[in-house]
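Take a look at the structure below. Then follow the text through it step by step.

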Amino acid sequence: MNHTELEALLQDMSLREKIGQVFQISGQLLAEDSAAMGPMQEMGVTQEDLSLAGTVLGICGAEKICKIQKEYMERHPHHIPLIFMLDVINGYRTVYPIPLAQGASFLPELSGKCAQMAAREAAAAGLHVTFSPMTDLVRDARWGRVMESTGEDVYLNSQFAKAMTEGYQGNDLAGEETLGACVKHFAGYGAPEAGRDYNTVQLTERTFREYYLPAYQAAVDAGVALVMTSFNTVNDIPATVNKQLMRGILRDEMGFDGVLISDFGAIGETIAHGLSSDRADAAKRALEAGVDIDMMSGVYPEQLEQLIRGGKVREELLDEAVMRILELKNRLGLFENPFKGADPEKEHAVILCEEHRALAREAAERSFVLLKNENDFLPLKKEEKIALIGPYVSRKQLLGGWSFLGDSGDTVTVEEAARALMPEWNVTFAKGCTVLDPGTKLVGFGEYREEAYTEEEQSRLWREACDAAREADKVVLFLGEHFLQTGEATSRGILELPQIQQKLLREITAVNPNTAVVLFTGRPLDLRLVRKHAKAVLEAWMPGTEGGTALIRTLTGACEPTGRLPMSFPYCVGQVPVHYDEFPTGRPYHAPDENRFLSKYLDIPNQPLYPFGYGIGYTTFSVSPVCLDREEMTRDGCITAKVTVRNTGDRPGTDVIQLYLHDVAASVVRPVKQLKGWQRITLEPGEEAEAVFRIREDMLRFYTADGTWDSEPGVFEVIIGESSASENKKSFLLV
Ligand code: NOJ
């Protein structure tokens with residue numbers, strides 16, 4: 001349809017029909033019996049509202065969606081198609097690593113390919129829109145949703161936001177293999193006070209604009225189709241009804257002209273926030289703020305008719321929202337083909353196909369971060385007798401907290417992969433203990449039950465593990481968080497492995513100190529105990545369907561871990577939020593200065609246990625001092641910065657050389673360093689190569705004291721190294 005036809009359609013729609021478009025319903029209501037109507041009726045949603053709804057959340061499957069779409073359109077007065085939306089976060093059925101792990105790859109282009117693969121599967125299964133990417137900046141490991149972000153750095157996040165958006169959407173939203181992307185959660189959701197989910201967010205305007213907005217902006221610039229509001233307040237007003245944020249910043253300043261959808265129930269929740277006085281007030285405020293779709297609070301269908309008929313809300317506001325939704329339906333090609341990519345045969349063929357599994361495997365391999373490797377403990381050697389021990393050895397749940405579409409039954413476990421890939425090796429397996437301490441209860445989506453053992457069975461598992469450890473040359477322990485300890489509503493105040501696993505770690509390493517630990521986590525944990533007892537530590541995150549295979553290939557040296565931390569791993573929870581791009585203080589502390597009045601703790605170091613950007617491989621590298629081609633740069637000029645990187649070990653390997661900049665004195669305090677680029681360098685033993693970075697004036701800009709994005713003349717430090725902890729630097733002057 002062209003715009004004139006869409007306008008004509010809008011003009012012809014009744015008020016109730018228009019209100020239907022801004023209302024999103026749960027897929028269960030359409031797919032199943034009317035019993036599920038209960039909660040909707042309580043919200044004041046009628047059967048008529050259901051039949052006029054514009055979009056659906058939470059249903060998938062080509063056959064089911066085609067049937068619903070067909071019946072729905074036949075009944076609809078103007079035969080307007082529905083949009084089917086769902087959270088396809090790290091894959092549809094072929095699950096690749098969680099977003100935080102993808103951040104660790106420092107390979108946005110690979111995440112772009114993964115998003116494309118997810119879109120291919122999901123589109124064949126009938127979906128039109130995914131609620132991804134989540135580009136919230138995260139600095140507090142207590143917040144369970146750090147797993148859905150690509151980490152603590154604004155530049156890294158922006159690169160991933162762009163790549164994922166482009167991956168999902170391709171060149172044509174109407175294509176049969178693409179999805180509309182929805183960037184979330186606008187804005188600042190990743191900074192809840194004390195790391196507690198849904199809690200208040202307090203950010204200064206400068207911090208908000210400089211660190212939190214750019215990744216959403218990157219998605220908007222990449223043409224993202226939708227934006228989702230966040231649950232939190234921004235400047236003391238819930239984002240979902242924050243007109244200044246949504247109309248002022250998102251639409252006018254950032255140039256977003258797509259569909260704005262609320263988060264789940266968020267419009268209604270503005271009453272509990274203490275902002276909206278009642279549901280009518282909430283509906284009015286949200287529409288005035290420019291929220292086009294009400295996800296699941298039922299406030300729009302319940303309140304808008306009365307508000308408009310009573311003259312309290314202008315109908316033009318509703319028309320504006322409906323027009324944006326119709327335009328999205330049009331961009332998705334649904335007026336021409338309401339079934340888009342839905343195709344049961346293709347769904348069957350593409351889901352978990354070998355090409356997709358191979359990509360999931362590659363993404364997992366690239367996401368692993370080696371944190372410690374004493375005396376080249378890893379990779380394992382064929383002549384060694386190996387014991388693979390721990391609750392994650394034969395565990396299928398490697399998909400993460402957001403994969404209700406993935407089936408853990410499809411997962412290749414560590415044990416399965418070892419049996420397939422290490423047939424000639426001398427390997428034993430033992431579980432040792434459960435993931436969770438006995439008695440821990442976690443609530444998941446739907447029915448979920450963790451395995452339970454009697455005391456006798458538990459002692460047997462323990463004994464078998466100790467025996468296996470005793471008889472082995474080397475042990476690899478597979479430990480981690482439970483997947484239900486990560487994701488939405490999973491904030492944690494203690495960032496340690498469950499007690500039972502800590503005990504296993506202590507006992508196994510006492511029996512056999514030649515032990516490495518592989519960690520399955522959705523967030524940075526306090527790893528002091530692990531670092532102390534293990535000879536090698538590999539962070540494997542939640543690696544997805546092919547996680548087991550990727551791990552065995554990595555542990556046996558068929559591939560090398562090249563991931564780098566996308567979030568600082570705190571020394572302990574008392575340090576969080578901790579991030580590398582902190583501001584200098586007036587009393588900086590550099591150990592071992594004994595002056596009492598410096599910015600430090602009495603009982604813990606200032607530095608995280610493992611800093612942002614850190615990660616090692618199976619070889620070692622040296623990085624030469626930074627070399628600049630000039631000492632001064634003009635605004636329209638550029639400086640070339642170089643280091644020579646040399647593989648000083650005896651295996652080929654890849655390093656991720658990172659460029660950071662520091663503005664030494666400015667009209668507002670600048671971070672001690674900020675990531676501005678990186679390069680992967682692969683070298684044979686003894687080989688060397690240059691990592692070359694071009695520094696331009698636009699890389700020096702920031703939100704200045706007078707509120708403009710600009711650079712200021714003065715001294716800048718160029719820091720190039722293997723992590724954010726590098727102090728390898730040289731200065732130049734911007735004139
Ligand atoms: C609530 C979450 O905050 C959001 O990220 C998600 O997309 C919606 N639920 C829909 O599942």
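The paragraphs below visit a ligand site, a helix pair and a sheet.

This is a predicted model, in which local features need pLDDT of at least 70, side-chain atom pairs count only at pLDDT 80 or more, and totals for chains, interfaces and linings use all residues. Residues are numbered from 1 along each chain as its sequence is written, and side-chain values use heavy atoms, with hydrogens and water left out.

Start at the ligand. Among the residues around it are Asp87, Phe131, His185, Met228 and Glu488 (each has a heavy atom within 4 Å of the ligand). Asp263 has a polar side-chain atom 2.5 Å from a ligand oxygen. For Arg145, the distance from a side-chain N or O atom to a ligand oxygen is 2.7 Å. For Lys184, it is 2.9 Å.

Now turn to two helices (DSSP runs of H or I, at least four residues). H8 spans residues 108-124 and H17 spans residues 354-367. Their axes, lines fitted to C-alpha atoms over the stretch in contact, lie 10 Å apart at an angle of about 145°. Angles run from 0 to 180 degrees between N-to-C directions. Leu110 and Met117 are among the H8 residues in the contact, and Leu359 and Ala363 are among those of H17 (contact means heavy atoms within 4.5 Å).

Finish with the sheet. Pairing takes at least two DSSP bridges. S21 and S26 pair antiparallel over six bridges, and Asp663 stands opposite Phe716 in S26.

Note on methods:
Polar contact = N/O pair within 3.5 Å; in protein donor to acceptor, adjacent residues only side chain to side chain.
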